[in-house]
Amino acid sequence: MKTKEMDAALQKLVDKDVIVDLVHRYSFYFDHRRFEEVTMIFTEDCVIDYGRGIAPLIQGRAELAALLSNADATGFLGTSHHNANVWITFDGPDRADVATSLYAWHHAPQGPNPRVWGYYYDKVVRAGDGWLIAYRQLRIGGQENFDIEWIPLIER
Amino acid sequence: MKTKEMDAALQKLVDKDVIVDLVHRYSFYFDHRRFEEVTMIFTEDCVIDYGRGIAPLIQGRAELAALLSNADATGFLGTSHHNANVWITFDGPDRADVATSLYAWHHAPQGPNPRVWGYYYDKVVRAGDGWLIAYRQLRIGGQENFDIEWIPLIER
Amino acid sequence: MKTKEMDAALQKLVDKDVIVDLVHRYSFYFDHRRFEEVTMIFTEDCVIDYGRGIAPLIQGRAELAALLSNADATGFLGTSHHNANVWITFDGPDRADVATSLYAWHHAPQGPNPRVWGYYYDKVVRAGDGWLIAYRQLRIGGQENFDIEWIPLIER
């Protein structure tokens with residue numbers, strides 16, 4: 001490769017590496033109940049759509065923080081957000097679409113433990129030295145013991 | 001590193017990145033029932049061995065397309081193909097072996113949902129600007145509610 | 001990027017690639033019951049803490065080998081160690097902390113199959129041309145049919 005090509009190829013790999021870490025850090029912080037750090041992965045004016053069964057459309061980091069502040073009191077005893085198949089597609093140098101397969105297990109206070117299988121659809125943006133999630137939508141392809149209103153993975 | 005070494009190291013990372021995306025795209029397209037795009041991830045003369053419980057040995061992209069054309073009518077309501085541990089070993093500049101841990105969940109039309117845990121063993125080849133899967137074998141280490149004829153993960 | 005910056009960025013990606021493979025190879029070899037190769041992923045003087053329900057603190061590769069030599073005779077019929085969210089943080093050029101989300105399924109000889117969800121906390125070190133795991137701790141956030149003494153994911 002020529003130096004210019006190398007530079008472009010390397011920059012792309014560096015960006016992908018940071019974006020993959022972004023996806024991983026969300027799950028890490030969430031499963032460790034470090035909710036303040038979860039919010040810092042998103043842009044100030046982020047939009048998050050977990051589906052109506054979870055919450056109304058979340059607009060902005062402050063609304064996400066408010067939602068998560070209740071998680072310990074009212075939510076699950078524990079969670080495991082397993083990511084797989086992180087697939088990044090760039091839209092210019094400073095924006096990318098990310099699709100990530102999710103298998104999430106939830107420890108219910110009582111009764112069988114809810115599970116979902118789906119995909120996160122993210123839009124990430126370059127922000128200063130790093131990247132942040134500007135938009136996240138969760139689409140669900142299947143569930144066990146978690147039959148609430150989800151955005152379906154596939155429109156039929 | 002010297003420029004020549006850097007070039008080789010970078011080329012390897014670029015290739016691994018494309019190969020990992022190949023593995024991820026298979027699952028993405030499969031779980032989204034976009035079966036035509038699934039077939040395009042394989043070489044024209046690919047060989048795919050899912051085990052006799054699923055299908056006879058698949059020889060060529062056309063045979064794969066024929067098998068998948070029935071998936072919506074006769075198959076599961078949904079699937080989740082979770083990849084992990086993608087491990088790539090190069091065999092010269094244009095070929096590589098890939099081992100990928102699979103956890104697959106299937107939404108059954110009725111009754112308990114089948115699950116399998118196993119590994120994909122792939123042989124991938126450079127093809128034009130990208131890479132394609134020339135050979136895929138699925139080996140299964142364990143299952144629940146999916147007791148058909150599999151290729152065992154470990155020969156005993 | 002300038003050549004010096006490119007060199008540093010590339011070296012970091014090369015190192016991360018090897019470290020991710022280390023995490024993947026552990027699971028690959030373990031799930032394939034290739035226990036001798038599992039031990040070679042660790043430093044000679046490694047320390048491994050799976051929690052008291054699994055084993056006393058393991059000190060050194062020889063102790064790990066001794067523990068694993070009994071695995072086929074007394075253990076599960078099969079395992080699936082699914083890694084996700086591998087998150088690497090460097091501590092100087094030759095050391096790194098790695099957090100990896102684990103979903104592990106175990107095939108019990110009889111009765112329901114045990115499952116755990118947790119995180120590996122690793123310390124990895126550069127060793128010759130590659131990297132090795134010097135310290136591994138398993139912390140568990142939840143389990144089903146595997147209610148033994150674990151190190152909790154979160155201190156409460």
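This is a short talk about one chain of a predicted model, its contact with a neighbouring chain, and two of its residues.

Okay, so let's start with chain A as a whole. We've got four helices and seven strands here. If you walk along from the N terminus, the order goes α-α-β-β-α-α-β-β-β-β-β. The radius of gyration comes out at 17 Å, close to the 15 Å from the globule rule for 156 residues, so chain A is as compact as a globular protein of that length. In terms of extent, the C-alpha trace spans about 60 × 35 × 25 Å along its principal axes.

What about burial? Of those 156 residues, 55% count as buried. The accessible surface of chain A is about 6,900 Å², and carbon and sulfur atoms account for 53% of that. On contacts: take the pairs in chain A that are at least 6 apart in sequence, and 51% of those contacts join residues at least 24 apart. As for charges, chain A has 16 positive and 22 negative ones, and their mean positions sit 4 Å apart.

Now, the neighbour. Chain B puts 25 residues into the contact with chain A, and chain A puts in 26. Together they bury about 2,300 Å², with 59% of it coming from carbon and sulfur atoms. Which residues of chain B lose the most area to chain A? Those are B:Leu10, B:Phe28 and B:His82, and together they make up 24% of what the chain B side buries.

Let's zoom in on a couple of residues. A:Tyr29 belongs to helix 1, which covers residues 3-31. Is A:Tyr29 buried or exposed? Its relative accessibility is 8%, and the cut-off for buried is under 20%, so A:Tyr29 counts as buried. Setting aside neighbours within four places in sequence, A:Tyr29 is in contact with A:Arg34, A:Glu37, A:Val38 and A:Ile41, and also with C:Trp87 from chain C. While we're there, A:Thr39 is 10 residues from A:Tyr29 along the chain, and their C-alpha atoms are separated by 9.5 Å.

The other one is A:Thr100, over in strand 4, residues 95-107. Its relative accessible area is 0%, so A:Thr100 is buried too. And what is it in contact with, again leaving out neighbours within four places in sequence? There's A:Val23, then the run A:Asn83, A:Ala84, A:Asn85 and A:Val86, and then A:Gly118, A:Tyr119 and A:Tyr120.

That's what I've got, happy to go back to any of it.

Technical notes:
Residues numbered from 1 in each chain as written. Chains lettered and ligands numbered in written order. Predicted model: local features only at pLDDT ≥ 70, side-chain atom pairs only at ≥ 80, totals over all residues. Heavy atoms only, no water. Helix = DSSP H or I, 4+ residues; strand = E, 2+ residues; numbered from the N terminus. Rg over C-alpha atoms; globule rule 2.2 N^0.38 Å. Buried < 20%, exposed > 50% of the residue type's maximum accessible area, 1.4 Å probe, protein only. Contact = heavy atoms within 4.5 Å. Areas by Shrake-Rupley, 256 points an atom, 1.4 Å probe, with all protein chains shown as cover. Lys, Arg positive; Asp, Glu negative; His and termini not counted. Charge placed at Lys NZ, Arg CZ, Asp CG, Glu CD. Buried area = accessible area lost by both parts, 1.4 Å probe.
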